[in-house]
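Work through the exercises below with the sequence and the 3D structure at hand. Try each task before reading its solution.

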Amino acid sequence: MSDFDTVLKFWGPVEADYNTMGGLVLTRLFTENPDTQKLFPKFADIAKADIAGNAAISSHGATVLKKLTELVKAKGDHAAILKTLANSHANKHKIAIVNFKLISEVIVKVMEEKAGMDAAGQQALRNVLAVVIADMESNYKELGFSG
């Protein structure tokens, strides 16, 4: 079974409730890595105590996880998806690659805690995310963005 298939075995809770899972991911990202909150201008001024349960944060987290679902389901055939994503994140949002690594580890933790992802699933998810990030970085280089 490929890493993508392994990840998809655990992905049901994400697809069942993108808003809750997305909110958990971004809340944890902002809590564990406070500087990342500043990368989202519309969330920059939200107090730490108000992050959890914030509807706008959950909604954006849902957007992140829906795109990740699309990438996982593409099973590595994601060049077209990543090209658009890299373009917006390099040219508009100016998001450095290190931040994708940070959110990746947060997603793995949330999947373990909330979706029961076992050690093999966590490793498969890390492998999938590493491929996505490496391909994103290649796109960044083509765009001349050193993020």
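Angles of 65 to 115 degrees between two axes count as roughly perpendicular. The structure used here is a predicted model.

**Exercise 1. How are H3 and H5 oriented to each other, and which residues make the contact?**

Step 1. Two packed helices are described by the angle between their axes and the distance between the axes.

Step 2. The axes of H3 and H5 come within 7 Å, and they cross at roughly 105°.

Step 3. An angle of this kind falls in the range above, so H3 and H5 are roughly perpendicular to each other.

Step 4. On the H3 side, the contact is made by Tyr18, Asn19, Met21, Gly22, Gly23, Val25, Leu26, Thr27 and Phe30. On the H5 side, Ile57, Ser58, Ser59, His60, Gly61, Ala62, Leu65, Lys66 and Thr69 take part.

Step 5. Sorted by class, the contact of H3 with H5 has eight nonpolar, nine polar and one charged residues.

**Exercise 2. Check the span of H3, then find its buried residues and what they pack against.**

Step 1. Helix H3 covers residues 18–32, which is 15 residues.

Step 2. At 1.5 Å a residue, H3 should span 21 Å; its end C-alpha atoms are 21 Å apart, so the two values agree.

Step 3. The buried residues of H3 are Tyr18, Met21, Gly22, Gly23, Val25, Leu26, Thr27, Arg28, Leu29 and Phe30.

Step 4. These buried residues pack against helix H2 (12–16), helix H4 (48–51), helix H5 (55–73) and H7.

**Exercise 3. Is valine 25 buried or exposed, and which residues does it contact?**

Step 1. Valine 25 is found in helix H3.

Step 2. Buried means under 20% relative accessible area. Valine 25 has 3% relative accessibility and therefore counts as buried.

Step 3. Leaving aside neighbours within four places in sequence, valine 25 is in contact with Leu65, Ile103, Val106, Ile107 and Val110.

Step 4. Valine 25 and alanine 62 are 37 residues apart in sequence, and their C-alpha atoms are 9.2 Å apart in space.

**Exercise 4. How do H7 and H8 run relative to each other, and which residues meet?**

Step 1. The axes of helix H7 (residues 97–115) and helix H8 (residues 119–143) come within 10 Å and cross at roughly 160°.

Step 2. Angles over 145 degrees count as roughly antiparallel. H7 and H8 are therefore roughly antiparallel to each other.

Step 3. The crossing of H7 past H8 is right-handed.

Step 4. From H7, Ile97, Phe100, Lys101, Ser104, Glu105, Ile107, Val108, Met111 and Glu112 take part. They meet Gln122, Leu125, Arg126, Leu129, Ile133, Met136, Glu137 and Tyr140 in H8.

Step 5. The residues of this contact divide into ten nonpolar, two polar and five charged.

Technical notes: Residues numbered from 1 in each chain as written. Predicted model: local features only at pLDDT ≥ 70, side-chain atom pairs only at ≥ 80, totals over all residues. Heavy atoms only, no water. Axes fitted to C-alpha atoms, helices over the stretch in contact; angles between N-to-C directions. Helix = DSSP H or I, 4+ residues; strand = E, 2+ residues; numbered from the N terminus. Parallel < 35°, antiparallel > 145°, perpendicular 65-115°, else oblique. Left-handed = near helix turned anticlockwise from the far one by under 90°. Contact = heavy atoms within 4.5 Å. Nonpolar A, V, L, I, M, F, W, Y, C, P; charged D, E, K, R; others polar. Expected span 1.5 Å × (residues − 1). Buried < 20%, exposed > 50% of the residue type's maximum accessible area, 1.4 Å probe, protein only.
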